[in-house]
Amino acid sequence: MVSLKVISEYSGDPVPGNRVKIGAGPLYDLARVQALAAQADHVKLLTAKCRQDVHNLGWDEDDVAQLLLCLTAGDYKDSEWCDNGKGAWAACDAYTIKRREWVETARKELTMAYFLKFAIGKTGTLVLMLSCHS
């Protein structure tokens, strides 16, 4: 039997190569995630794709942390196992949030939608971002 490395606080049996949904509700208490995000250097962009997507938005970890602080329970979408791109797995909660923002190129406010997928790391001290894009 192959042993898979799980890097999230939530553990279980990930299924490699598949997007396997987990449970019927959030895996992590949103207030706890937001408390971590409110602390400096507690949000880590874990995957290369997430880092690139955040860069494309013109953001950094602090901007992602601010977006996490805006989430509500109603923004929750689902939970699933995700590969970090280096052979480790994290059980993630996915949220979709919409908010009004000034878009300079359009020269007006528009409703922007963002998709976030994250886990609390095994040590319980980091929010591991596996996805953050519009």
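**How to read the model**

Residues are numbered from 1 along each chain as its sequence is written, and side-chain values use heavy atoms, with hydrogens and water left out. Because the model is predicted, local features need pLDDT of at least 70 and side-chain atom pairs count only at pLDDT 80 or more, while totals for chains, interfaces and linings use all residues. The mean pLDDT (the predictor's confidence in each residue, from 0 to 100) is 92 for the chain, and 94% of its residues reach 70 or more. Confidence is lowest in strand β1, residues 5-6, at a mean of 90, and highest in α1, at 98.

**The overall fold**

Let us start with the outline. The chain has three helices and six strands; helices (H or I, at least four residues) and strands (E, at least two) are DSSP runs, numbered from the N terminus. Along the sequence they follow the pattern β-α-β-α-α-β-β-β-β.

A compact globule of 134 residues would have a radius of gyration near 14 Å, and the 15 Å of the chain agrees with that. This radius is taken over C-alpha atoms, and the globule rule is 2.2 Å times the number of residues to the power 0.38. Along the principal axes, the C-alpha atoms fill a box of roughly 55 × 30 × 25 Å.

Of the contacts (heavy atoms within 4.5 Å) with a separation of 6 or more, 60% are between residues 24 or more positions apart. Buried residues make up 45% of the 134 residues; buried means under 20% relative accessible area, exposed over 50%, and partly exposed in between, with a 1.4 Å probe and protein chains only.

**The nonpolar core**

In soluble globular proteins, nonpolar side chains tend to be buried together. Here, the largest nonpolar core has 39 residues. Such a core is a set of buried Ala, Val, Leu, Ile, Met, Phe, Trp, Tyr and Cys residues joined through side-chain atoms within 4.5 Å. V64, L68, L116, F118, M129 and C132 have the most contacts inside this core. Helices α1, α2 and α3 are among the elements that give two or more residues to the core, and β4 gives the most, with seven residues.

Leaving out residues up to four places away in sequence, V64 touches V43, L45, V54, W59, M129 and C132.

**How the strands pair**

Two strands pair if DSSP finds at least two bridges between them.

| Strands | Sense | Bridges | Residues opposite each other |
|---|---|---|---|
| β3 and β4 | antiparallel | seven bridges | E80 and C92 |
| β5 and β6 | antiparallel | six bridges | K117 and S131 |

The hairpin of β3 and β4 has four residues between the strands, and G85 there takes a positive phi near 90 degrees. In the hairpin of β5 and β6, six residues lie between the strands, and G124 in the turn has a positive phi of about 80 degrees. Both β3 and β6 are mostly covered: six of the eight residues of β3 are buried, as are six of the seven residues of β6.

**Two buried strand residues**

D93 is found in strand β4 and counts as buried because its relative accessibility is 0%. Beyond its neighbours within four places in sequence, D93 contacts P26, L27, Y28, Y76, D78, S79, L116, K117 and F118.

A119 is found in strand β5 and is also buried, at 0% relative accessibility. Not counting residues up to four places away, A119 touches S8, Y28, A90, A91, C92, L126, V127 and L128. The C-alpha atoms of A119 and L27 are separated by 8.4 Å, although the two are 92 residues apart along the chain.

**Two loop residues with positive phi**

D41 is not a glycine, yet it has a positive phi of about 65 degrees. D41 sits in the loop between α1 and β2 and is exposed, with a relative accessible area of 70%. R107, in the loop between β4 and β5, is another residue other than glycine with a positive phi, near 55 degrees. At 62% relative accessibility, R107 counts as exposed.
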